[in-house]
Amino acid sequence: MRLAFVWLILWQWNAQISRTRFGPVAAPVLFGLTLLILWEMTVRLFDVPSVILPAPTAIGIALVDQAGTLRGDWVQTVAKGAFGGWLMGSAAAIAMALLVARSDVLRRGLLPVGNFFAALPIVGTAPILVMWFGFGWESKAAVVVVMVFFPVLVNTIAGLDDTTAMQRDLMRTYGASAGQELRYLKAAAALPFLFNGLKIASTLALIGAIIAEFFGSPTFGLGFRISTEVGRLNLPVVWAAIVVAAVTGSLWYGLLAQLEARLTFWHPSQRGRA
């Protein structure tokens, strides 16, 4: 009864805040706080064991107590494995897309092969890549490269093809070279598609790096921390590592979205959000 009463009050407060001029920013924050309050109350009112669902306060304490350890895990998993693999995989995909866009032979031969590798389950490829590249961050980056390559490749190719015959004829009428046509027409058309691929790849990169650590890792890393602490039934630390990964993924995605808005302000999708 108390839980329902608190939920009703907080819900009304959310509804009132959302109608103010601060609503776009304040409403999501308040809604998140509402969920945390209800979560805390549920755990405490019903005496939910911490091995099933720890309270948010317990997770917050674990975040503070394990801050140094989680910082080292973040560097190993995100800064080295996920971000390094994302950069290498995205760069390789963009370079390959530029070649595929100019060659029908490569398009017919490479895309089916890329689709095949993209369909391989990560739980099957990760142990193999760990054995090939060792237990350091390099094997996690290799897993990330495999995961992000195809989404970025497909989106970039689709973007490069998103030009009309009239636009291409107009560029040739102006005497534009192949490089100028790529720079001023095809690259601009590909930017919205490219950012879609990069945003999808950013989430896949974190997933790939964390899961790869389940199959072999040094004594640090978010994936290593999660698998180790689960075995010790230390669920607050497990959730703390999950929070670190979730916040990192949200910030990463948000930064890419902000960069997309700045570089593709002319696109209808961006103008519609203004």
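**View A. α5 leads the lining of the second largest pocket, giving five residues.** The model here is predicted, so local features are described at pLDDT of at least 70 and side-chain atom pairs at pLDDT 80 or more, while totals for chains, interfaces and linings use all residues. Residue numbers start from 1 along each chain as its sequence is written, and side-chain values rest on heavy atoms, with hydrogens and water left out. Helices are DSSP runs of H or I with at least four residues, numbered from the N terminus. At least two lining residues come from each of α5 (104-118) and α7 (137-160). The whole lining consists of Leu 110, Val 113, Gly 114, Phe 117, Ala 118, Val 145, Val 146, Phe 149 and Phe 150. By class, eight are nonpolar, one is polar and none is charged; here Ala, Val, Leu, Ile, Met, Phe, Trp, Tyr, Cys and Pro count as nonpolar, Asp, Glu, Lys and Arg as charged, and the others, Gly among them, as polar. The pocket holds about 190 Å³ of space. For the grid-minded: a pocket is an open set of points on a 1 Å grid over the protein atoms alone, where a 1.4 Å probe fits and protein lies on both sides within 12 Å along at least five of seven lines, and lining residues have an atom within 4 Å of a point. The volume is the space filled by probe spheres set on the points, which are joined across faces, edges and corners.

View B. Three helices, α2 (23-45), α3 (56-65) and α11 (235-263), supply at least two residues each, and α2 gives the most, with four. Seven of the lining residues are nonpolar, one is polar and none is charged.

**View C. Helices α3 and α11 cross at roughly 75°, their axes coming within 8 Å.** That angle makes α3 roughly perpendicular to α11, a label used from 65 to 115 degrees. The axes are lines fitted to C-alpha atoms over the stretch in contact, and angles run from 0 to 180 degrees between N-to-C directions. On the α3 side, Ala 58, Ile 59, Ala 62 and Leu 63 meet Pro 236, Val 237, Trp 239, Ala 240, Val 243 and Val 244 of α11, where contact means heavy atoms within 4.5 Å. This contact is made by ten nonpolar residues, with no polar and no charged ones.

**View D. Val 43 sits in helix α2.** Its relative accessibility of 8% makes Val 43 buried, the class for values under 20% relative accessible area, with exposed meaning over 50% (1.4 Å probe, protein chains only). Beyond its neighbours within four places in sequence, Val 43 is in contact with Val 48, Leu 53, Pro 54 and Ala 55.

**View E. Asp 47 and Leu 233 carry positive phi values.** Most residues other than glycine have a negative phi. For Asp 47, in the loop between α2 and α3, phi is near 50°. Leu 233, in the loop between α10 (222-231) and α11, has a phi near 60°. Asp 47 is exposed, at 64% relative accessible area, and Leu 233 counts as exposed at 54%.

Notes:
Angles under 35 degrees count as roughly parallel, over 145 as roughly antiparallel, 65 to 115 as roughly perpendicular and the rest as oblique.
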